Amino acid sequence: MHPLEAPFRERLAALAPEDPLVLAVSGGGDSVALAHLVHRAGRRGVVAHLDHALRPDSAGDLAFVRALAERLGFPFYAERVEVGRIAKERGENLEALAREVRYAFLHRVAREVGAKAILTAHTLDDQAETLLLKLLQGTARGLAIREKEGLVVRPLLPFPREALRDYLGFLGEAWREDPTNQDPALDRNYLRLVVFPLLLERFPAAREALARFAQAREMEDAHLEKEARARLLPDPRFFVPAYRVAPLVEAPPALRRRALRQVLEGLFLRPEARHIALLEGALAGRAATLPEGHTARRKGGTLFLIPPAPRLPLPPGFRRPEPGDYLVMPYGRKRLVDFLAEKGVPKELKGLWPVRAEAKRVVEVYGLFPPGEGERLMGLALEEAQEALAQGEVPVGAVLVAGERLYRAHNRVEATKDPTAHAEMLLLRQAGKEARGGRVYVTLEPCLMCQHALTQAGVEVVYGAENLKEGALTRFGQRGKVLGGVREGECAKLLRDFFARLREGCRSG
């Protein structure tokens with residue numbers, strides 16, 4: 001038995017205990033060694049080979065891998081995709097597209113055979129080269145190659161490339177060499193062929209040290225990614241991707257940029273620094289055009305990511321707005337364009353918003369009219385806020401829906417001389433254990449004290465205006481189920497007017 005086999009078997013059992021295993025085999029030394037190691041470990045593999053059609057002799061690689069799979073007794077799956085042609089037609093990055101196509105193919109094979117893991121042959125050298133390359137390119141995210149990422153497992157990460165070549169020599173097995181790997185004009189090849197030999201001559205443990213650093217950084221990244229995701233508060237009232245602005249603007253810059261990278265990835269766009277800068281500009285009020293025709297625009301407290309019009313299908317029974325469309329409101333007619341403006345719909349969407357109409361009379365505006373239960377309940381919270389105002393309190397009101405019961409409250413800090421007598425806290429005291437599983441509608445984003453109490457009580461939160469000074473969500477990110485911006489304008493105006501009168505009173509005094 002070769003010394004490599006026992007530690008590999010242990011790692012594989014820990015990382016991918018269930019068969020079958022999809023093996024990504026290109027024909028190169030690393031992937032061929034992976035196939036043999038899996039076979040000699042007594043595991044059941046399925047060999048998958050994607051021909052990217054980037055070299056004239058790529059068909060030879062496919063034939064070699066097919067023969068290898070037959071000798072090992074593994075089922076063989078192959079596919080040919082002209083990645084170079086597709087990348088040119090789409091104007092996309094060749095390397096990124098090749099990776100996307102390869103992993104899509106591997107996942108399709110995994111689904112077909114019912115595999116619980118996809119094994120790739122990334123090594124210690126790949127880890128070190130990737131770290132150094134990303135640092136030199138100025139890429140801050142994803143420095144490490146992760147040993148496990150969804151179905152993808154990389155059991156060879158601790159092993160250097162030369163150990164795998166030694167293993168193949170021990171077995172008397174051959175492999176295919178990609179001639180493009182010897183071209184130092186390519187950045188990764190330059191590092192492998194020129195830079196790393198010099199580094200290893202001076203620092204023999206350079207690869208291991210770089211790998212340790214990358215793994216430590218990846219652990220930190222996992223935490224930061226979670227914190228960044230908490231700054232993304234979706235606004236589901238709109239039928240395009242939309243996020244509340246305040247949690248992003250108030251976040252530390254590093255977290256905000258990470259969150260914006262996640263926004264780009266959600267649109268299937270490359271999270272390049274220039275695209276992140278465009279989104280930061282959109283947060284500041286400067287509309288931006290992103291790749292593939294997406295428009296980023298801030299309207300009020302919401303950041304909209306608007307796809308090109310052809311990608312916005314109409315729900316059944318709806319049409320696009322037309323000139324002369326109107327709504328019938330309790331107080332009379334209102335032009336549809338005016339209604340959409342009041343609701344914070346950006347100009348790019350006013351002509352695209354789905355409506356259902358009888359001739360020119362609009363009877364439904366998708367997601368916005370007739371008013372939903374949320375707007376009605378926020379109206380009750382606004383009534384409570386008005387009551388607080390009449391009593392000299394900061395005008396914040398809230399209602400709690402718990403089962404069949406409805407609880408109402410408003411701030412009573414001044415009346416009770418109790419700094420904890422916020423509307424939300426008073427609701428929880430009223431409802432007691434009945435609050436669990438309920439939903440609170442509050443005119444102002446909860447402070448940290450109230451949000452923590454609501455989270456502990458298992459209560460969802462719907463708020464009107466952001467609390468830029470003390471808001472738990474704005475300052476610390478989303479925790480639990482939250483929706484912001486419902487009747488935002490009315491809630492914010494009530495508070496603005498109150499504090500304006502307060503300041504005026506202070507100046508007069």
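Some ground rules. The model is predicted, so local features need pLDDT of at least 70 and side-chain atom pairs count only at pLDDT 80 or more, while totals for chains, interfaces and linings use all residues. Residues are numbered from 1 along each chain as its sequence is written, and side-chain values use heavy atoms, with hydrogens and water left out.

Let's start with helix packing. Helices here are DSSP runs of H or I with at least four residues, strands are runs of E with at least two, and both are numbered from the N terminus. Helix α1 covers residues 5–15, and helix α2 covers residues 29–40. They pack at an angle of about 80°, with their axes 10 Å apart. That makes α1 roughly perpendicular to α2. Which residues of α1 and α2 make the contact? From α1, they are E5, F8, R9 and L12. From α2, they are L34, L37, V38 and R40. A word on terms. Axes are lines fitted to C-alpha atoms, for helices over the stretch in contact, and angles run from 0 to 180 degrees between N-to-C directions. Under 35 degrees is roughly parallel, over 145 roughly antiparallel, 65 to 115 roughly perpendicular, and the rest oblique. Contact means heavy atoms within 4.5 Å.

Next, salt bridges. A salt bridge is a side-chain nitrogen of Lys or Arg within 4 Å of a carboxyl oxygen of Asp or Glu. How many salt bridges does the structure hold? The count is 40.

Look at E129. Its side chain meets that of R161 in a salt bridge, at 3.3 Å from N to O. E129 sits in helix α6, residues 124–137, and R161 in helix α7, residues 161–171.

The side chains of E129 and R188 meet in a salt bridge, at 3.7 Å from N to O. E129 lies in helix α6 and R188 in helix α8, so this pair ties together parts 59 residues apart in sequence. E129 counts as buried because its relative accessibility is 2%. R188, at 24%, counts as partly exposed.

Salt bridges link D30, D126, E129, R161, R165, R188 and R192.

Another bridge joins E488 and R244. Their closest N and O atoms are 3.0 Å apart. E488 lies in helix α20 and R244 in strand β7, so the pair ties together parts that are 244 residues apart in sequence. R244 is buried, at 0%.

On to the surface. Y190, L193, V194 and L198 form a nonpolar patch there. Together they have about 340 Å² of accessible area. Such areas come from the Shrake-Rupley method with a 1.4 Å probe, and for residues only the protein chains shown count as cover. Patches are made of residues with over 30% relative accessible area and no salt bridge; like charges are joined within 9 Å, and nonpolar side chains (Val, Leu, Ile, Met, Phe, Trp, Tyr) within 5 Å. Take V194 from this patch. V194 is found in helix α8, residues 187–202. It counts as partly exposed because its relative accessibility is 31%.

Then there is F239. Where is F239 found? It is in the loop between α9 (206–229) and β7 (242–244). Setting aside neighbours within four places in sequence, F239 is in contact with L312, L349, L352, W353, P354 and Y366. F213 is 26 residues away from F239 along the chain. The C-alpha atoms of that pair are separated by 43 Å.

Last, the backbone. Most residues other than glycine have a negative phi, and most peptide bonds are trans. Here are some exceptions.

Two peptide bonds first. The bond from D19 to P20 is cis, with omega near 0°. P20 is found in the loop between α1 and β1 (21–24). The bond from F369 to P370 is also cis, with omega near 0°. P370 is in the loop between β14 (361–365) and α15 (373–390).

Now phi. K417 has a positive phi, near 55°, and is not a glycine. K417 lies in the loop between α16 (413–416) and α17 (423–431). With a relative accessible area of 67%, K417 is exposed. R487 has a positive phi of about 50°, although R487 is not a glycine. R487 is in the loop between β19 (482–484) and α20 (488–508). R487 is partly exposed, with a relative accessible area of 25%.

Notes:
Buried < 20%, exposed > 50% of the residue type's maximum accessible area, 1.4 Å probe, protein only.
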